[in-house]
Number of protein chains: 2
Amino acid sequence: MQTIPLYRQLADHYLNAIRCGTLKVGDRMPSVRKLMQVHGVSLSTSLQLCRHLETEGWLEARPRSGYFVRQPRRARLIPAQEPTVGKLIDPAQFVGIHERVSEIISQGQRPVKCNLARATGGPALYPHQQLRSLTVSTLRRYPELLTKPISPGGNRELKAALAKRALDCGISISAEEVVITNGCIEALNLALRAVAQAGDVIAVESPTFYGLLQVLESLGMKALEIPTSPSTGISLEALELAMRTYDNIKAVVVVPHLQNPLGSIMPEQHKQRLVALCEAQQIPLIEDDSYSTLVDGDKIPTALKHWDHSGNVIFCASVHKILAPGLRVGWILGGRWQARVNMLKYAHTRYNEELSQIVAATFILSSAYDRHLRKLRSTLAQQRERTAEAIATYFPEGTRMNTPAGGVSIWVEMPPNTSSKAVFDAALEQSILVSPGLLYSNSNRFDHFLRINCGMPYTQDLDDAMRTLGRIIQHKSHLKQHIAA
Amino acid sequence: MQTIPLYRQLADHYLNAIRCGTLKVGDRMPSVRKLMQVHGVSLSTSLQLCRHLETEGWLEARPRSGYFVRQPRRARLIPAQEPTVGKLIDPAQFVGIHERVSEIISQGQRPVKCNLARATGGPALYPHQQLRSLTVSTLRRYPELLTKPISPGGNRELKAALAKRALDCGISISAEEVVITNGCIEALNLALRAVAQAGDVIAVESPTFYGLLQVLESLGMKALEIPTSPSTGISLEALELAMRTYDNIKAVVVVPHLQNPLGSIMPEQHKQRLVALCEAQQIPLIEDDSYSTLVDGDKIPTALKHWDHSGNVIFCASVHKILAPGLRVGWILGGRWQARVNMLKYAHTRYNEELSQIVAATFILSSAYDRHLRKLRSTLAQQRERTAEAIATYFPEGTRMNTPAGGVSIWVEMPPNTSSKAVFDAALEQSILVSPGLLYSNSNRFDHFLRINCGMPYTQDLDDAMRTLGRIIQHKSHLKQHIAA
């Protein structure tokens with residue numbers, strides 16, 4: 001604490017007051033003189049404090065009147081809000097997410113001009129020609145591949161390839177430990193069923209991917225939503241509080257890198273602490289690694305699993321977002337529950353078809369894979385930047401967001417009370433599909449959020465759609481304010 | 001009862017005494033004179049009774065001594081035993097099947113010279129060349145198929161193809177009702193999860209496919225094993241008794257055609273009665289249709305689903321045994337639970353990869369499919385006949401079996417007390433894999449049974465393996481009798 005200058009400590013104090021609404025937009029900030037009195041600080045410190053909040057976009061100076069809490073000028077300058085960590089949502093308040101999801105998904109199944117709801121890159125980002133020729137050559141190599149019984153336990157080549165690549169994120173395993181699944185979603189099902197049963201409480205990030213909430217609902221498990229920072233991921237303080245409050249938490253599920261939808265990345269130290277915390281509490285930790293390969297730069301971040309020495313971490317991943325959205329090739333490392341995961345996979349869907357496994361294996365082991373990843377990451381970074389610019393340009397005042405350091409989505413907070421469902425409906429009428437925030441929690445906390453895809457090439461059509469979307473949000477946010485007034 | 005002649009009624013009476021061991025091999029049958037006295041029947045009826053049992057292979061006439069209960073000369077002449085329907089196994093006596101299954105399966109994963117444990121035909125029976133070219137042409141038709149997001153809800157072409165083919169077994173549905181799954185095993189998981197939960201009792205055939213017992217165990221459901229006839233399938237009398245005895249049966253699962261492992265086929269009237277019974281009791285009926293297309297002849301039998309007018313039947317099937325053992329393409333019709341099945345499928349594994357769906361769809365709609373099925377059925381019939389002959393020739397006295405009217409397996413009863421696990425172990429040492437009867441029930445009732453594959457071309461190597469297997473069984477059955485003595 002001693003290294004943080006006094007004016008910054010005081011600035012955080014007032015920032016917190018602004019964030020939690022004690023000081024509202026338009027409110028007058030205490031005068032410089034008042035600040036000196038109240039906090040016993042110098043004129044210079046009081047001035048520094050106000051200027052810092054002005055620079056950060058929280059205050060505006062009005063001549064001869066002092067500083068006032070301001071509406072942000074540009075959303076991209078205003079970082080996403082940090083969560084309040086001291087408050088947990090009772091998992092007994094659980095409401096069904098599937099109704100919401102299925103309604104949105106079934107509406108979203110009609111063809112649209114612009115699909116901003118996806119969690120993958122556009123087809124052009126993936127090596128379709130190479131995968132096609134690999135498919136043909138694989139069938140030449142194994143002529144009876146489609147008609148002979150599937151070799152038990154998952155394809156050996158793919159398991160070896162994944163084990164080899166896992167070294168890059170700090171995981172050292174044998175090929176035998178890899179269980180191939182139908183995408184990461186089956187891996188998550190198996191992981192949860194390995195460690196918990198109907199009625200159990202599972203701690204999840206909040207907001208979190210609706211797919212996870214749906215899996216929990218389908219298994220009769222209860223999601224305990226843990227406040228999660230848009231920059232550093234799950235709040236360890238809030239998780240510790242949850243563990244003290246509830247004695248029936250049977251697992252913790254996190255996406256440490258490019259969390260869906262936040263895009264947060266856990267600092268190394270947090271990851272280490274999280275693994276140790278779960279280990280100490282004997283609560284299984286389920287790591288969803290769908291996105292880590294999409295983090296900007298050439299260094300793939302270290303997996304939680306790296307720090308796991310007792311098998312308490314179950315690792316789930318897939319090639320879906322990285323290599324080919326058309327393939328359903330995922331995998332799981334079961335840790336202490338390996339035997340049970342094996343059994344559940346066999347009873348769940350048997351072994352996967354082999355053709356796509358071999359194709360994926362061959363590509364993953366080639367240098368073409370590294371070239372593909374480098375190109376994918378740099379293209380995504382450009383597209384993300386363009387999309388963030390468009391949001392800053394077209395979305396109304398009061399919009400907030402972080403631009404994540406990788407991945408295919410941006411999580412956007414619209415002005416308070418803007419209904420993401422109303423925006424979804426209005427956008428769909430314009431043939432634009434968005435992913436509304438109400439899908440990302442069993443609560444209503446994220447109803448004024450949207451997840452915006454940035455995996456598509458930024459064309460004029462896309463720019464038009466972003467402008468239209470901005471206008472829709474502007475309209476819906478005004479409407480709400482009228483109704484509220 | 002009046003249409004059964006008196007001598008047949010009496011023959012059944014004595015047959016029952018032989019089957020349950022009241023009359024043992026070598027015992028003298030009551031004399032013709034005694035029979036006349038005891039039953040108050042004519043000489044001619046008494047003689048007819050004895051001759052009938054002689055013809056059926058149960059008695060032998062010894063000159064001047066009368067009739068004696070005989071050891072069967074050839075197993076194939078002795079039909080499989082009908083079950084006792086008046087006795088149910090308490091589902092609370094449930095023991096874990098997975099331990100057994102995983103032990104057997106893991107041992108069986110080493111390469112063997114002769115695999116008699118499979119439930120599919122050999123690769124040569126399936127159209128691998130045609131499927132290969134269809135795969136290549138499909139990729140030409142849809143160049144981005146592997147890299148674009150999977151179209152939601154399962155591939156439209158396949159759903160239409162399956163709906164069209166379903167007409168052949170008396171099912172009339174729209175393509176939209178078809179939910180594509182990863183094989184029939186995922187379909188069964190979804191069906192069971194749609195109608196029941198952990199702790200519930202599910203009525204199943206006995207013996208039944210270990211895969212089903214495993215799924216039930218993994219879901220925490222209890223199997224209530226219903227006696228099942230090797231010729232006519234599940235005993236409706238026993239099922240009715242079960243429904244009267246247990247008020248918590250949440251579903252009935254049956255394979256009406258070519259039941260696995262029995263090979264039984266339910267008569268039309270039984271099927272109709274079963275649908276009506278479940279409907280009346282409001283117990284969901286889950287139909288596993290994995291094999292009906294493999295019934296001998298050109299008429300595909302009518303599905304249970306045909307008689308379902310309230311949506312009480314959930315229909316599960318796959319192309320696995322019919323078209324391509326290397327594909328994991330199954331499907332389910334959810335009946336009244338359609339919306340829940342859709343939700344569960346989405347949460348379970350998302351939608352299937354499209355390439356194999358389109359390949360299957362294209363082939364299924366072509367006339368090549370009909371030609372393939374005709375050839376498949378006639379080849380299987382020949383191979384089944386050869387395998388049955390080998391069993392009759394090489395297996396020891398006391399072996400019993402029915403030759404089913406279709407399919408890829410024969411269910412063989414070895415002499416009493418022969419341990420199928422001991423046979424499994426000894427056969428594996430000779431590089432022969434068999435499927436031991438202990439896998440087909442949570443009880444030990446079928447420990448002296450084997451399921452023998454007959455989907456492979458009957459080569460000299462296969463004949464050698466059958467002879468070796470026969471010797472092993474002979475040895476193990478003697479060994480057991482020694483130990484028992």
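## A tour of the salt bridges and selected residues

Start by selecting Glu103(A), Lys421(A) and Asp425(A): these three residues are joined in a network of salt bridges. The model is a predicted one, and a search of the whole structure gives 36 salt bridges over all chains.

**Chain A, whole chain**

Switch to a surface. Chain A exposes about 19400 Å², and carbon and sulfur atoms supply 51% of that area. Of the 485 residues, 60% count as buried. Among contacts in chain A with a separation of 6 or more, 75% are between residues 24 or more positions apart. Colouring by charge picks out 54 positive and 43 negative side chains, with the centres of the two sets 4 Å apart.

**Lys271(A) and Glu268(A)**

Next select Lys271(A) and Glu268(A). They form a salt bridge in which the closest N and O atoms are 2.8 Å apart. Both residues belong to helix H10 (residues 268-281) of chain A, and because they are 3 residues apart there, about one helical turn separates them.

**Asp296(A) and Arg384(A)**

Move to Asp296(A) and Arg384(A), a salt bridge with its closest N and O atoms 3.2 Å apart. Asp296(A) sits in the loop between strand E9 (285-288) and strand E10 (313-318), and Arg384(A) in helix H13 (residues 367-394) of chain A, so the pair ties together parts 88 residues apart in sequence. Asp296(A) is partly exposed, with 30% relative accessibility; Arg384(A) is buried, with a relative accessible area of 3%.

**Arg156(B) and Glu176(B)**

Now go to chain B and select Arg156(B) with Glu176(B). Their side chains meet in a salt bridge at 3.0 Å, N to O. Arg156(B) lies in helix H6 (residues 156-166) and Glu176(B) in the loop between H6 and strand E4 (178-181) of chain B, so this pair ties together parts 20 residues apart in sequence. Arg156(B) is partly exposed, with a relative accessible area of 49%.

**Gln383(B)**

Stay in chain B and select Gln383(B), which is in helix H13 (residues 367-394). Gln383(B) is buried, at 7% relative accessible area. Which residues does Gln383(B) touch, leaving out those up to four places away in sequence? They are Leu125(B), Cys454(B), Gly455(B), Met456(B), Pro457(B) and Tyr458(B).

**Gln109(B)**

The last stop is Gln109(B), in the loop between helix H4 (98-107) and strand E3 (114-115) of chain B. Gln109(B) is partly exposed, with 37% relative accessibility. Display chain A again here: not counting residues up to four places away in sequence, Gln109(B) touches Pro152(A) and Tyr351(A). For a distance within chain B, select Leu190(B) as well; its C-alpha atom and that of Gln109(B) are separated by 27 Å, and the two residues are 81 residues apart along the chain.

Note on methods
Residues numbered from 1 in each chain as written. Chains lettered and ligands numbered in written order. Predicted model: local features only at pLDDT ≥ 70, side-chain atom pairs only at ≥ 80, totals over all residues. Heavy atoms only, no water. Salt bridge = Lys/Arg side-chain N within 4 Å of Asp/Glu carboxyl O. Helix = DSSP H or I, 4+ residues; strand = E, 2+ residues; numbered from the N terminus. Buried < 20%, exposed > 50% of the residue type's maximum accessible area, 1.4 Å probe, protein only. Contact = heavy atoms within 4.5 Å. Areas by Shrake-Rupley, 256 points an atom, 1.4 Å probe, with all protein chains shown as cover. Lys, Arg positive; Asp, Glu negative; His and termini not counted. Charge placed at Lys NZ, Arg CZ, Asp CG, Glu CD.
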